[in-house]
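Work through the exercises below with the model open. Try each task before reading its solution.

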Amino acid sequence: MHDFEINFEKINNKKITLKEKEFRNKNLKLFNSLGFPNKRLENWKFTDLKEIIYRNFDQLDVKVAVPNINKINLLKDFDHNYIFLVNGNLHTSNFNHEEKSKIKINSYDNDFNYPTSTNSLICLNHAFAENGYSLEIEKNYKFKKALIIYNFFTKEVKNKILNIKNKIKINENSEIHFVEYTINESKFINNVYEHIVLEKNSKLKSLYIQSNKNEGYFYKFLQNKLHYNSDYLGLIFSSGLKFNKMDIECDLIEKNCKCNILSALFLDKNEHQEIKTRINHLAPNCKSFQNVKKVLCSKSKGVYQGKIYVKDNAQKTDAYQQSKALLLSENAEFDSKPELEIYADDVKCSHGSTSGSVDEDSLYYLMTRGLNRDDAIKLLVKGFLEDVVEFVKSSSIKKFVNSKLEDRINEH
Amino acid sequence: MLEIKNLQVSINNKQIIKGLNLTIKPGELHAVMGPNGSGKSTLANVLSGKNGYEISGELNFNGKSLKKIPTEKRAQRGIFLAFQYPLEIPGVNTNNFLKTSLNSIRKAKGEKEIDSLSFLKLVKEKTSELGIDEKILSRQLNVGFSGGEKKKNEILQMKILDPNLSILDETDSGLDIDALRIIAKGVNSSRNKKKSFLVITHYQRLLDYIKPDFVHVLSDGKIVKTGCSELAEEVEKTGYKKLN
Amino acid sequence: MKYQELEKTKEYKYGFTTDIESVKAPRGLNKDIIRFISKIKKEPEWMLNWRLKAYARLQSVKEPNWQKPKYPKINYQNLYYYSAPKSVKNKPKNIDEVDPKLIETYAKLGIPLKEQEKLSGIAVDAVFDSVSVATTFKKKLTEKGIIFCPISEAIQKHSDLVKKYLGSVIPITDHYFATLNSAVFTDGSFVYVPEGVRCPMELSTYFRINASQTGQFERTLIIADKGSYVSYLEGCTAPMRDENQLHAANVELVAFDDAEIKYSTVQNWYPGDKDGKGGIYNFVTKRGVCRGKNSKISWTQVETGSAITWKYPSCILQGDNSVGEFYSIAITNNHQKADTGTKMIHLGKNTKSKIISKGISAGHADNTYRGLVDISKNASRARNYTQCDSLLMGNKCGAHTVPYIKNKNSSAIVEHEATTSKINEDQLYYCNQRGLDQEEAVSLIINGFCKEVLQQLPMEFAVEAQKLVDISLEGSVG
């Protein structure tokens with residue numbers, strides 16, 4: 001593919017309000033002028049998305065069909081509520097384990113009040129998003145069982161670029177634990193914009209995982225707003241995609257928030273996984289922690305860009321960030337940019353980043369106990385990722401995550 | 001069982017072992033004593049097949065040369081090394097590790113893999129036999145273990161893996177008397193006609209609890225004196241210098 | 001002296017001006033100015049052509065704009081590109097012929113050119129605005145075959161060496177300021193240490209900007225041939241002026257097999273006043289290449305001056321087993337800004353690099369560490385260790401850490417650690433309890449914080465640097 005530009009007819013042919021049309025047209029114009037991001041942009045320093053897309057796609061279309069799906073396959077590993085999305089469109093939902101009056105679930109909501117962005121993928125999303133869901137949990141409600149968000153993509157999305165917009169709002173004193181579970185069989189681009197709001201004293205645990213290895217090229221921009229004493233935990237186990245970038249921005253806007261983002265990834269073949277976090281400490285006394293662990297095989301590439309920003313009034317901030325990579329092949333690559341930008345003095349902020357191969361002394365120790373080199377490496381790899389997996393508190397979900405990780409490791 | 005003839009070992013062009021001869025028969029327990037830097041740990045590492053050494057001379061185990069056999073194959077044939085400084089391996093669960101290890105060895109012997117239940121039973125039996133708290137096995141491998149716990153863990157592994165030749169590399173150093181007793185108990189209860197031991201130590205102390213059949217004094221890469229257990233006492237009294 | 005001025009000099013004791021008649025090229029940047037510089041320096045033709053090539057290149061490149069500290073647009077046509085004391089026009093043969101005013105200036109700066117020869121084991125090249133005014137210890141160095149002279153002299157006398165290595169580490173196409181420097185550089189030092197020679201004394205250049213509205217563009221080239229060793233120091237000061245002055249130097253280092261170059265900088269350019277008026281823009285390109293196996297380049301810098309410091313002394317580790325080091329203290333106070341760090345490019349096998357950076361920010365200042373560690377595919381068993389610590393004094397200042405880490409070799413080990421904190425209250429309390437007042441306590445703790453870097457400096461500089469650290473932070477405690 002050489003040039004990718006979308007003409008305005010795609011929007012102007014739709015029967016929509018003037019406001020919507022203006023919003024979409026404005027954003028399309030921005031996208032067309034910026035194009036897909038490339039290495040010249042600081043946020044894409046290690047990843048030339050434009051080049052990746054042009055190399056791997058001959059054509060791309062923004063129009064997406066949503067086929068009828070009659071039967072859905074659910075996970076049997078643990079009891080759960082679910083919402084089922086087909087190509088980003090809300091298909092069914094089931095909250096049989098919960099008080100239904102406390103939960104509002106809707107299809108994509110038409111909101112066109114987003115500020116202008118310089119991120120061309122967000123512009124593209126604003127211009128074309130039609131699918132997605134909006135979930136709101138009422139005050140004082142704690143989920144009894146986990147919620148699985150089935151993200152199912154059919155073969156109809158082949159060579160498409162999907163633009164999906166999701167919204168999640170957890171009101172005061174409420175709690176939810178969700179697992180976003182992606183099942184995909186197509187080669188396509190998924191461009192998601194997700195907005196999460198945690199109100200006072202609320203808690204969200206989110207976990208991202210893929211069912212299978214696939215040809216998906218995913219970008220997700222996640223905008224989180226944390227209010228007083230709220231608690232956010234993001235666990236990213238999404239190995240298996242051809243390309244994945246999780247771009248997470250967390251605003252800690254009131255006191256006493258907690259924000260933890262952890263990831264354990266095993267990458268193989270020519271998979272490319274990037275995690276970018278930006279934690280904005282905007283109020284005093286908040287805690288944030290990021291721990292990104294990547295095991296890189298074959299020609300895979302792992303990138304971590306993490307920034308901790310501390311505003312001058314955000315005293316007593318406690319922020320720690322670490323990234324570790326294990327390179328198992330001479331063609332693998334790990335790039336990182338752990339960044340601190342700090343304007344308050346009474347803070348504890350630090351980061352660490354290491355990359356290297358498996359420790360030979362550890363291997364030797366294991367081998368003196370009769371393990372062959374491959375088994376010893378596997379054991380060390382699992383051990384390396386273990387401290388992130390530990391954060392999954394539910395034993396049935398942990399077992400599920402472990403089995404998925406083991407599948408990946410054994411496939412290698 | 002083990003036959004070492006004119007062993008010469010160097011690392012980074014520096015010769016550490018300079019023509020060492022040693023034969024250990026089944027059922028025998030040999031102690032190697034020697035001052036710091038005499039090559040004791042090098043001997044242990046070479047026997048277990050650690051990389052990075054240049055080796056000449058003969059090194060036979062049960063009649064076959066060990067020289068080209070990788071570390072894990074030696075372990076599978078029944079050579080066990082209790083490390084002087086057991087490594088901490090974060091994230092790796094001790095129980096899980098031991099089971100994988102035991103099964104690798106069983107598989108190599110052509111035995112069936114052990115199931116989880118029998119493994120737990122075996123662990124229970126061995127921990128109580130040694131008087132070790134079972135809990136250390138549910139922790140990460142040696143992570144945050146005290147020096148004594150690490151050494152006890154080594155002996156527990158030895159008991160579970162049931163090797164033919166056990167090499168104890170200064171297992172007694174830095175231990176209090178209670179831990180020392182546990183180590184000695186572990187060794188003594190394993191001794192029989194088929195099992196052999198090579199106990200490397202700096203002090204005679206451990207040999208009060210474990211009676212060696214032979215004591216060798218290693219100095220500057222060579223065995224300078226061999227005797228029975230009384231030699232250890234002599235060394236303790238007169239020091240190493242006198243023997244040279 | 002008026003009271004205000006008196007106050008000023010207390011803060012920055014090198015802020016005086018020398019009233020000396022100078023020869024200046026007309027303002028502005030064009031081919032004629034470049035020809036003027038080249039002619040006055042009696043340069044061979046290849047040098048002029050080299051400059052003109054850089055000038056042509058300059059027309060097509062833009063000033064970079066990605067750095068954290070922004071600055072108002074510089075009007076390059078309004079600057080003087082050449083300024084020299086009139087008395088230096090006919091270059092003095094020895095120290096006795098040097099204008100007494102210049103000797104006095106350097107004496108005031110703590111660099112006694114005359115007594116130097118007798119006093120300490122440091123050979124000095126003194127650069128005043130655009131020219132070198134004196135070089136000491138020449139004879140002793142010549143005996144060993146070491147060349148230490150102003151680069152303008154080297155261009156005439158050692159043309160082959162200069163031609164071969166000038167621009168070999170920092171090509172004229174590198175980036176805007178490097179290209180600008182290549183076109184208009186006026187003086188600087190040249191060092192060549194022959195094979196197997198260990199330079200018997202510290203070599204040092206002292207840079208002084210005196211004339212107003214003058215840019216200083218010096219160029220330094222150091223070549224350490226096989227198995228040689230050299231330690232080089234540079235110091236810099238400038239008078240206090242309300243205008244911002246540009247200092248855009250290029251420093252190139254080349255180390256061959258088994259050679260070692262140690263390069264230390266104590267940078268104390270005028271930082272501007274309390275409200276951020278005036279001060280030097282210190283935009284410097286420093287780069288060394290470890291061309292031979294087992295070679296080593298070590299950068300040590302103490303950056304306390306300048307309104308804006310913007311530089312990344314770098315090492316290209318080309319030879320197998322070569323070593324690169326970067327030790328840095330950057331202190332910013334009042335409205336000073338710094339964006340500094342290093343690049344370690346690992347190309348050869350078994351190459352090692354170490355980065356220790358200490359940033360201290362006070363007042364309204366902004367301090368950024370920015371660095372790159374790049375392990376290429378062939379750099380087997382490469383090793384990097386990076387530690388960046390930042391200290392904030394007050395909450396009107398900022399500290400930033402922006403490391404870029406690229407690892408393309410699985411046998412390499414890369415470790416990076418960074419912390420940001422304020423002065424530990426318990427440590428302060430402990431010092432106070434032992435009778436130290438707040439300022440003494442802070443000074444003690446800061447010096448402890450910087451110790452790892454300070455101890456890399458040669459003795460004479462270390463003492464000076466330590467004092468500088470204290471002075472730079474005066475008034476920021478409270």
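**Exercise 1. Count the polar contacts between chain A and chain B, then describe chain A's side of the interface.**

Solution. Nine residue pairs, both members at pLDDT 80 or more, are in polar contact between chain A and chain B. A polar contact is a pair of N or O atoms within 3.5 Å; within protein, one must be able to donate a hydrogen and the other to accept it, and residues adjacent in sequence count only if both atoms are side-chain atoms. This is a predicted model: local features need pLDDT of at least 70, side-chain atom pairs need 80 or more, and totals for chains, interfaces and linings use all residues. Residues are numbered from 1 along each chain as written, chains are lettered from A and ligands numbered from 1 in the order written, and side-chain values use heavy atoms, without hydrogens and water.

Next, locate the elements. Helices (H or I, at least four residues) and strands (E, at least two) are DSSP runs, numbered from the N terminus.

**Exercise 2. How much area do chain A and chain B bury between them?**

Solution. The area is about 1900 Å², 65% of it on carbon and sulfur atoms. Buried area is the accessible area (1.4 Å probe) that two parts lose on being put together, summed over both. In chain A, A:Tyr364, A:Tyr365 and A:Arg369 lose the most, together 41% of what that side buries.

Finish with charges. The interface holds two salt bridges, each a side-chain nitrogen of Lys or Arg within 4 Å of a carboxyl oxygen of Asp or Glu. B:Lys50 pairs with A:Asp361, the closest N and O atoms being 3.9 Å apart.

**Exercise 3. Which residues have the most contacts inside the largest nonpolar core?**

Solution. They are A:Leu207, A:Phe237, A:Leu366, B:Ile4, B:Leu7 and B:Ile167, in a core of 111 residues. A nonpolar core is a set of buried Ala, Val, Leu, Ile, Met, Phe, Trp, Tyr and Cys residues joined through side-chain atoms within 4.5 Å. Helix 6 of chain A gives the most to this core, nine residues.

Inspect one member. Beyond four places in sequence, the contacts of B:Leu7 include B:Ile17, B:Leu20, B:Leu43 and B:Val46.

**Exercise 4. Where in chain A do A:Glu274 and A:Lys245 lie?**

Solution. A:Glu274 and A:Lys245 form a salt bridge (3.1 Å, N to O). A:Glu274 lies in strand 14 (residues 272-281) and A:Lys245 in strand 12 (residues 243-252), so the pair ties together parts 29 residues apart in sequence. Both A:Glu274 and A:Lys245 are buried. Buried means under 20% relative accessible area, exposed over 50%, partly exposed in between (1.4 Å probe, protein chains only).

**Exercise 5. Are C:Lys358 and C:Asp389 buried or exposed?**

Solution. C:Lys358 and C:Asp389 meet in a salt bridge (3.0 Å, N to O). C:Lys358 sits in strand 20 (residues 352-362) of chain C and C:Asp389 in strand 22 (residues 383-393), 31 residues apart. Both C:Lys358 and C:Asp389 are buried.

Terms used:
Contact means heavy atoms within 4.5 Å.
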